Amino acid sequence: MDPTEQSLKTNESSNGNNDIGSNHHVNGSHNVITAQNDTVNVNNSLQTAINDGDELIRAPILDSADESDGRKQFIINNDYDSQQKFEPELVKFNVLNEEISMDIGQPDIAQNRIHETDLLYAAIMVEDARRGRKGAVKRNKDALTQYQLYNHILMRILLYLTITLNFALALFEKPAVPGLALPIWATMLLEACCLIFFLLRLLHNRRFVPNRGKFWKDSKSILIVLTITITVIDMIVYIIMNTTGNEQRAIRVSRVLRPMFIANFAENRQIRRGLRNIRRTIPKSASVILLLLFCIAMFALLALKLFQSRNLYNPDGSPYFTRLDDSFWRLYVLLTTANDPDVMMPAYDSDNWFALFFISFMIICYFIINNILLAVVYQNYRSQLRDDIAKSVYIKRKLLKNAYNTIKTWCNDGMYVTRETWLKLMHELNRISKFRGDTQIRLLWNVLDENNKGYIGLSNFLQIAELLNVEILEVKDQKHYLQRRFPDFYGSKFSLLIRRMVLHRFFRYFFDFSILVNAVMIGLGIDDAEIFFLTIFNLEIVLKLYTLGVREFVRIFWNTFDFVVIVSATIMTIIELSQSGFGHTRSILDFIMVLRVLRIIKLIGDIDRFQVIVRTVSQILPTFATYGGILLIFYYVYAILGMEIFSGMIRYYGYPNGTQPFNQTLLFCGNIKLKGSTFYADRYCSNNFNNLLKSLVLLIELTIVNQWHDIL
């Protein structure tokens, strides 16, 4: 063997690029080249470290040249030094099948090429940075394909529908909403389908995560697997108990765990983040909570000593502040203002100076310590939220840096992202998530490349996520449909007069005034002019469509709202007046009345100050949705617990009115323990845990705190 013939060993790169295969041979008489573990040595003096995904690339190894003959050309600087510029001497070696031949050539200009897998990886990193995801995906084609499928809009919709179905099963399971009860086998089958989907979703996620070992150690994966396991065991036990005649003792303990699927799938990261912040905030607020409870206990002890020996009684005849636990409970209820001033009246009637005791309690516990508690909770939660935002920004920048390092190429004595690469990236991004046109893509490039260099650096590239989230409206010169079909008529003086009239501010004032007059007539119960108002409101819609066209008309929310309300009211009115229709049913009349009242809301869109409020509310709706979801989770958990513990104990059978005979066994909500209670006296029998809907209504009533102690 020729002494200049050496072996070349390579390891396949983990990023899925087309690397040199292992155990190739080098034939030549020039240099000894060895490539192993992403390190290339030329003459044992050149070391080039390539770390995919990081910022540092110490030498430009460029994949280029024409592949029509089956060859790939890699160009490496032969005399590269990490602290010096590139020398003109180049080493070129061609890869063909199993052989590599190396020749020293003259300086050449290499075309920078980016592998399709790298381009897809960079596009996914940018998309994840834009959407606030973590970009946890391996850098190979199969993993990236699976990651795209996992995050496809249809897959996410299917996940949300499955979670909704899993939640809604409580409507059909025992105790079910009247008229919605399903047999056990049906609810079990539906829940089994939901669990199978959750498990498949979890296993799908495992296919593309970078570290499968850590995947099963992740708390979210563990919680999902545990929830599925507990649910399956609970279902089996429940079926066995029902088939063996023990259905009265059978309970479903796993239903309370259903919110775990909301909190632990990546798509609901905002809800999980909110729950995590709440969990971290409570321990930091424990000292103030203990101080508040201590303050209540001190006032309870003081009340016991003040009122115990005075033989005072509550309006229901029970002793007044004669036990420490009863004193603590009454003052705790007073802290929520639910029993104010009822709890004070017996002492106040005995001696007016006792009012100072309750006033002092409210000042110290309610106005001072309670508000300090709210401030501490807010401050701690804000601190946790700030940390989460900082972490999200860090992850976003990391993803964008990964994308930049993946697609940057050698340009102008440095590594940059060129305009050509940018266009390829945006087209790949559009293929993943279509949201930008060619004109907008060029506009974004002009914003990033402010000096018109033809390339951008990392600092500019990091702005991509924010720019892609900016709404860009592309104004196009489009003619009205009537202008295209009937240009002479639409451009006539009469048509111009109509369009100017519609665009004039007095046109809006006239119809706003008409809405107010219509509202006054609705309040006075005058229905004779309803047909007239419907006619002029329909005329308003027709004139706006004639002037603006369909596209411009629907772009304004209040136009769409007005169209839906007026057209619906018109259709329902025609049905009401029709002799062969549905007749004068109560439901139709109620629906029409609601639509008539909804017209007044349109005035909000015509008052500038109201528009500011509406825009502000619309901007914070996503936050409301997140914390509304968290509140729903708590409601659902307590509703399930309430149904399992209290279902059937309280029922609504009506109340005796003194004129008709009433079954005595149905008194007191069907529970003799409620005899003489404030709960029954206030006619709260419908407030119970007999099904999911009633349970949610009851929990909302408790949230509002009015009379919550009577409900308990």
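Mentor: What follows is a short chat about the fold, a surface patch, some backbone details and the aromatic rings.

Trainee: What kind of model is it, and how are residues numbered?
Mentor: This is a predicted model, in which local features need pLDDT of at least 70, side-chain atom pairs count only at pLDDT 80 or more, and totals for chains, interfaces and linings use all residues. Residues are numbered from 1 along each chain as its sequence is written, and side-chain values use heavy atoms, with hydrogens and water left out.

Trainee: What is the mean pLDDT of the protein?
Mentor: The mean is 77, and 79% of the residues reach 70 or more, pLDDT being the predictor's confidence in each residue, from 0 to 100. Over residues 1–111, however, pLDDT stays under 50.

Trainee: How many helices and strands does the protein have?
Mentor: It has 27 helices and 12 strands, which are DSSP runs numbered from the N terminus (helices H or I, at least four residues; strands E, at least two). Of the 712 residues, 39% count as buried, where buried means under 20% relative accessible area, exposed over 50% and partly exposed in between, with a 1.4 Å probe and protein chains only.

Trainee: Changing topic, which residues form the nonpolar patch on the surface?
Mentor: Trp353, Leu356, Ile359, Ile363, Ile364, Phe367, Ile368 and Ile372 form it, with about 800 Å² of accessible area together. Patches are made of residues with over 30% relative accessible area and no salt bridge, like charges being joined within 9 Å and nonpolar side chains (Val, Leu, Ile, Met, Phe, Trp, Tyr) within 5 Å; a salt bridge is a side-chain nitrogen of Lys or Arg within 4 Å of a carboxyl oxygen of Asp or Glu. The areas come from the Shrake-Rupley method with a 1.4 Å probe, and for residues only the protein chains shown count as cover.

Trainee: And where is isoleucine 368 placed?
Mentor: Isoleucine 368 is in helix α12, residues 355–407, and it is partly exposed because its relative accessible area is 43%.

Trainee: Is histidine 204 buried or exposed?
Mentor: Histidine 204, which lies in helix α4 (residues 184–206), has 11% relative accessibility and therefore counts as buried. Beyond its neighbours within four places in sequence, histidine 204 is in contact with Gln146, Leu149 and Tyr150, contact meaning heavy atoms within 4.5 Å.

Trainee: What about phi at asparagine 311?
Mentor: Asparagine 311 has a positive phi of about 55 degrees although it is not a glycine, and at a relative accessible area of 61% asparagine 311 is exposed.

Trainee: Last topic, how many aromatic pairs are there?
Mentor: The count comes to 38 aromatic pairs; rings of Phe, Tyr and Trp (its six-membered ring) pair if their centres lie within 6.5 Å, and planes under 30 degrees apart count as stacked, over 60 as edge-to-face and the rest as tilted. The rings of tyrosine 655 and tyrosine 680 have their centres 5.8 Å apart and their planes at 50 degrees, so this pair is tilted. Both tyrosine 655 and tyrosine 680 are buried.
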